[in-house]
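Here is a short report on how the parts of one model touch each other. Have the chains in view as you read.

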Amino acid sequence: MKVFIDPPNSLILFDLVERFGHEPLGAMASIQERIDNIELDMPPMNVTLDDVVGGLRYAGVEVPSGIRGRLALWGPMIDAAEAAVIMTDAPFSFGCVGCERSSEMVKYLIQRRGIPCLRVGYPETEEEAEDAVLRIKGFLEGLG
Amino acid sequence: MSEDRETRLFMISPDSTVTPDQLAREIHAMGRGVAVKETCYGCLAEGSRAAVAEVLAEVRGRHPLDVFSKRRAYPAGDPRRCRAQHGTRPGYAQLEAEWAALAMISRGLEACGRGESPRPPAEPAGGLPVEKFKEIAEAIR
Amino acid sequence: MTIKIAQLSCGTEYSSVQHEIEKAASAVGAKTVYPDVSHADVKAALDRFGFAPRSAQLKLMIARAVSLADGRYDADAVFITTCFRCAEAALVRNELRRFIQDNTRLPVVTYSFTERLKAAQLLTRMEALVTIVTRKEILARERQSGITVGLDSGSSTTKAVVMRDNEIVGKDWTPSGDVVQSAQAVLESALRQAGVEMSQVEAIGTTGYGRFTLGRHYGAKLVQEELTVNSKGAVWLAGRQRGEATILDIGGMDNKAITVRDGVPDNFTMGGICAGASGRFLEMTSKRLKIEITELGKLADAGNWRNAKMNSYCSVFGIQDLVTTLGEGKSFEDVAAAACHSVAEQVYEQQLQEIDVRRPIIQVGGTSLISGLVTAVGEVLGEKPIVPRDSQYIGAVGGAILSSGFL
């Protein structure tokens, strides 16, 4: 199954989803699709004006451009996802996921799609980490 | 091109005894035509999607608790991403933070291996009722 | 030497503007760099800075600023930029600007972008950052020497000044048309007035939007953006070469506010998204009142802005206000005063918040001749600005003074 991960650039979630037998949908694929387009020269990510305008599908023009640009990348993946794993309160949320408003919207879009979704809190202790991994494993195995 | 090229980031857990050099040599020795670049946290492996998938399976098989992996969008050495060009990009801090958490995730994977079940989540404490807070405040006054 | 401009930003890559920023920087011989910080630095930096935004990218901006302030990262200038309309980022952007200024001597410019940002819009700002870094000695020049000419090709008017031995001996202006033709006309007129032949001119300095075209056409010794050139002209005309000052130029298309220390600019803001805060709005107002723009100031002085409420950041809405007020039967005097007050208020709200306004305030540019506007700026800022003689010629005067540095 295609499983959207949030934060979309998380190494840990990407690894666990793949390890437990599913296809993680994260930031890297949609960015690679753009940067490998040799017809564009808009470094570093080849996010184009059309992308940002395309983000209007997810948020109105009064919403800052950086949010619309991000939603233009993640939105289609959320649309394609069959399930999602969200790690809440992750202390690592830099780079692609540096904007809190975008991240809130991503979580909302997942919920609005009504796909199976697991929310796990970022573990603070080893015990919590064990529980988090066990729950992610259980959720992913349950997806069939 | 996207379909062909896959760049994989392999990251070694901080509590592991595996070294980036050792991992890079292992992948190289697998002889699948995958280019390997050693990094401070592990290595980057780049090749066709199929070849990289084989490498990934083998690395997972050998080091299930030590090595973690995700795809990377940029090819190895891409100047758009290169630290030497502009300084670190924002995702660098993210990787650093995730790296620090990998030891805990390894413990979680061990628990999976032991067939454990997660403990029921603790009930959230909830807020102190306002009346109670008022009582406390008045008692102090 | 490549100038290193430290970029502290959020949202540029996702707004499709990062390459435009880099293009603008490289066009002026600079490159953007990101100060290196580790994950551990971020927390320490937030504790030190004392402002913890929710968005991680803003936290990273703070950590990078702290790294610059502590001298752990070496850069020549700072560019702080975030998405237009993001409140969280606007707070961080402005506080970081203040923090950098309090803790370093690096020139800073801030900017809020939309996805439509093009490199050309940033060029003047980037060029000014580079000029401040690389031309400190030229900018410190206090006297003009020899016979030099300054040409200022602005969006509304073109100005020429001939200077000899630290005095203005010829000057003229005309509404801007063809860049070279307009400049040639005012140059000839200024030379005639000065009694100087073109062959006697030892150096030419060009500034304003048409500076590159004019620079090539006349073989100018100095081709420089208007921010630094104008500030030089302003402090010379106002006799304020020493100490601190803020130079305010409400232009036809964009406004500039520049802070200077001993005649050298150390920070500036340049705005221009909304015409409601520009000279253009006053032009539109004069047209609607069917008077010459030169009469607007006096008319405004005779009125009371409080009698005709007008306050809009957009010139279209502003004109709507104006039509409504006139329809209510308000006097032309009150309406003119309200229009001036509205522009002053918008300049204050949109731009002067981005710099630390230092006294005295020297108001310059064509709009400084509109007395009602100067009065309004004084009211809004709590101190009447100084308007030096020939205040509309600052760019040309600055060009003439600075180009003499090449003799």
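Which residue of chain A forms a salt bridge with B:Arg60? The partner is A:Asp15, and the closest N and O atoms are 3.1 Å apart. A salt bridge here is a side-chain nitrogen of Lys or Arg within 4 Å of a carboxyl oxygen of Asp or Glu.

The model is predicted, so to speak of local features a pLDDT of at least 70 is needed, side-chain atom pairs count only at pLDDT 80 or more, and totals for chains, interfaces and linings use all residues. Residues are numbered from 1 along each chain as its sequence is written, chains are lettered from A and ligands numbered from 1 in the order in which they are written, and side-chain values use heavy atoms, with hydrogens and water left out.

## Chain A and chain B

Chain A puts 39 residues in contact with 40 residues of chain B. Contact means heavy atoms within 4.5 Å. The buried area is about 3,700 Å², and carbon and sulfur atoms give 60% of it. Buried area is the accessible area (1.4 Å probe) that two parts lose on being put together, summed over both. On the chain A side, A:Leu11, A:Arg19 and A:Gln32 supply 19% of the area buried against chain B, more than any other three residues.

The rule finds 7 salt bridges across this interface. It also finds 15 residue pairs in polar contact, both residues at pLDDT 80 or more. A polar contact is a pair of N or O atoms within 3.5 Å; within protein, one must be able to donate a hydrogen and the other to accept it, and residues adjacent in sequence count only if both atoms are side-chain atoms.

Which elements of chain A give two or more residues to the side that touches chain B? They are α1 (11–19), α2 (27–35) and α6 (126–142). The largest share, 9 residues, comes from α6(A). Helices (H or I, at least four residues) and strands (E, at least two) are DSSP runs, numbered from the N terminus. By class, this side of chain A has 20 nonpolar, 7 polar and 12 charged residues. Ala, Val, Leu, Ile, Met, Phe, Trp, Tyr, Cys and Pro count as nonpolar, Asp, Glu, Lys and Arg as charged, and the others, Gly among them, as polar.

## Chain C and chain B

Here the contact takes 15 residues from chain C and 11 residues from chain B. In chain C, C:Tyr34, C:Asp36 and C:His39 lose the most area to chain B, together 42% of what that side buries. The rule finds 0 salt bridges. It finds 1 residue pair in polar contact. Both β2 (30–33) and α3 (56–69) of chain C give two or more residues to this side.

## Two domains of chain C

An automatic or database domain assignment supplies the bounds. It gives domain 1 (3–134) and domain 2 (139–227 + 394–406). Their centres, taken over C-alpha atoms, are 34 Å apart. The rule finds 1 salt bridge between the domains. C:Arg211 and C:Glu127 meet in a salt bridge (2.6 Å, N to O). C:Glu127 is also among the domain 1 residues that lose the most area to domain 2; with C:Thr124 and C:Thr131 the share is 74% of what that side buries.

## Buried areas

| Pair | Buried area | Carbon and sulfur share |
|---|---|---|
| Chain A and chain B | about 3,700 Å² | 60% |
| Chain C and chain B | about 1,000 Å² | 45% |
| Domain 1 and domain 2 of chain C | about 570 Å² | 62% |
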